[in-house]
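User: Hi! Could you walk me through this one with me? I'd like to start with the charged pairs and then move on to the core.
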Amino acid sequence: MYTWARRFIVPALFTTSCAAMLGCIANIGGLDDEEESSGPGAGPGSGPGAAAGTGGSGSTGSGPGVEPTVCVPGVPRTSALPRLTKAQYDNMIRDLVGIDSQPSSMLAPDGVGSVDQRAWDGYKTAAATVAAAVMADPGARAKAIPCTPEGDGTACAHELIDALGRRAFRRPLTDEERGRFQALFARRQELTETGSFDDGAQLIIEGFLVSPSFLMRAEINETPEGEYFALNSHEVASRLSYLLWGSMPDDALFAAADADALLTPEQILAQARRMLADPKSRGMVKAFHEHYLHMGPGTRWSNIQRDPAAFPDFDASMVPLLSEETDRFIEHVVFDQAGAFQELVTTPVGFVNASLAPLYGLDPAQFNGAELVPVDLDPMQRSGLFTRLGFLVSHSGYDRTSPILRGAFLQKEVLCADIPPPPPMVEGTPLPTDEDLTTNRARVDAQTAPDACKFCHHTYINPTGFALEAYDAVGAYQQTESFSGAPIDTRVSVDMGQSVVELDGPVALSEAIASSPEAQKCYVRKWVSFAYERELNSEDACTVDELSAKLTQGGYTVLDLIADLTQSQSFRVRALQTEVAP
């Protein structure tokens with residue numbers, strides 16, 4: 001019986017160099033053929049998947065003819081062997097051995113499907129680099145090796161294998177795995193340059209880091225629970241830690257798993273709440289909201305240029321501050337205020353320094369240094385995420401606002417409106433500048449008046465964006481047009497799915513979004529997809545319906561929502577995968 005690793009590695013069993021032995025090392029902690037029913041990382045994987053890079057536990061879908069937004073009770077089929085994403089790999093190395101140098105830069109891009117030669121070469125290179133760094137760094141060495149070698153070092157090596165292996169594999173080692181690593185250390189004379197304890201320990205560490213049981217979050221327990229397989233406590237612990245921390249379990253979670261105390265929803269919820277109180281959960285919340293807002297490298301948030309003649313208060317050095325302020329605001333609402341979705345889109349707090357102060361209409365002399373500090377903004381002008389500088393500036397043009405960018409984002413990404421893409425060849429439609437068009441609003445309405453554009457723009461996109469015309473292209477509050485002096489009109493009728501809301505201005509728009517069942521459900525949908533690392537499917541739609549009902553009632557915090565993501569049946573069990581042809 002060949003292990004999974006043998007499918008893409010030709011192990012050099014008879015060579016004497018450590019590097020050549022890596023193929024053999026990879027078989028330690030390998031997974032048998034029967035355990036790889038779906039292949040590594042099967043499924044489309046979104047969520048921390050698409051956004052932060054995940055091969056994920058992607059669902060195989062909802063079946064033909066079933067809308068993914070319609071609840072069909074059940075558990076979706078997912079991969080039993082999702083691979084660590086690059087972000088998870090970095091977090092694992094940091095927590096496992098104390099090396100925080102982003103070794104995932106040596107790995108192939110995140111993806112799904114089989115591990116190809118490029119991916120395998122990256123894993124080997126990263127493992128060798130990390131293992132060498134551990135042995136060269138006294139702090140990392142002490143974290144990885146829990147003892148001082150005596151004699152030939154065998155006793156300490158065995159202690160290293162047990163301690164590091166349990167944490168690397170997120171479960172206790174089997175006797176067979178333990179024996180393989182012990183045999184590896186025993187062969188250190190032939191496999192390493194000096195045969196010393198340090199060389200043998202480095203070989204063990206490297207071996208763990210190329211093992212499939214380290215690189216994959218295996219879920220292979222086959223205890224039946226009705227028509228599904230129940231995850232064992234160590235598998236549940238792994239799901240919890242990667243959902244909430246993007247990394248391995250801590251000692252308390254390991255202890256709960258060892259005690260088999262992660263089998264009931266109540267036990268799981270208690271751990272989830274404990275883990276959300278840990279600072280490590282803040283990184284996950286930040287990653288989700290950056291995904292929700294389409295932030296990050298290569299997005300509108302990172303490639304911002306403005307006309308210096310029109311906007312002398314703005315320069316390129318401020319671009320990173322826009323993302324930093326948004327991240328700080330989200331962290332403040334979610335953790336410091338224990339806020340809900342409603343507070344995210346209505347709280348009038350900004351994080352400001354001397355550079356950003358003029359754009360918020362504040363006196364820069366009141367701010368010392370570059371540090372962003374919390375400030376209560378004018379509640380008649382600012383209300384939540386979509387009135388912060390970051391969103392407004394990233395969804396504007398070089399020398400003017402863009403009601404189209406702002407309105408399209410809010411309709412499609414915040415209200416989950418199903419708006420088709422624009423017809424071909426319309427993106428280059430010039431903006432009219434007739435003298436009688438004295439506002440940007442009038443010009444955009446004229447630009448989108450042709451029949452091919454009119455319905456979507458005049459019904460959904462434009463009105464939503466026009467409510468935000470009270471902010472210019474650098475996010476500063478404005479009441480008149482800079483090019484004409486004409487008053488700006490922010491009175492609109494915004495389509496919000498089941499209703500059309502008459503409102504005036506950005507604060508009213510934020511309040512309407514906060515109370516919109518469509519916006520609330522959209523936020524939940526994105527959390528479910530992100531947390532479960534897959535495209536939404538009809539089984540997940542049941543979880544969306546349940547959590548949306550709680551959110552609509554009010555008082556249901558973002559942290560409550562995240563904790564309850566661990567309470568679905570699909571979090572505790574997995575579906576039997578369909579047979580895959582060899």
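User: Is Arg572 buried or exposed?
Analyst: In this predicted model, Arg572 is buried, with a relative accessible area of 16%.
User: Which residue does Arg572 form a salt bridge with?
Analyst: Glu225, and the closest N and O atoms are 3.9 Å apart. The two come from distant parts of the chain: Glu225 sits in strand β1 (residues 223-225) and Arg572 in helix α24 (residues 569-572), 347 residues apart. Glu225 is partly exposed, at 33% relative accessible area.
User: Why does Asp250 count as buried?
Analyst: Because its relative accessibility is 19%, and the cut-off for buried is under 20%. Arg274 is partly exposed, at 30%.
User: How many salt bridges does the structure hold?
Analyst: There are 23. One of them joins the side chains of Glu325 and Arg388 at 3.8 Å, N to O, and both of these residues are buried.
User: Switching to the core: which residues have the most contacts inside the largest nonpolar one?
Analyst: That core has 95 residues, and the ones with the most contacts include Phe314, Phe386 and Trp527. Setting aside neighbours within four places in sequence, Phe314 is in contact with Ile304, Arg306, Val319, Leu322, Leu359, Val393 and Val474.
User: What does the second core include?
Analyst: Among its 48 residues are Tyr89, Ile93, Val130 and Leu191, and this core is separate.

Technical notes
Residues are numbered from 1 along each chain as its sequence is written. This is a predicted model: local features need pLDDT of at least 70, side-chain atom pairs count only at pLDDT 80 or more; totals for chains, interfaces and linings use all residues. Side-chain values use heavy atoms; hydrogens and water are left out. A nonpolar core is a set of buried Ala, Val, Leu, Ile, Met, Phe, Trp, Tyr and Cys residues joined through side-chain atoms within 4.5 Å. Buried means under 20% relative accessible area, exposed over 50%, partly exposed in between (1.4 Å probe, protein chains only). Contact means heavy atoms within 4.5 Å. A salt bridge is a side-chain nitrogen of Lys or Arg within 4 Å of a carboxyl oxygen of Asp or Glu. Helices (H or I, at least four residues) and strands (E, at least two) are DSSP runs, numbered from the N terminus.
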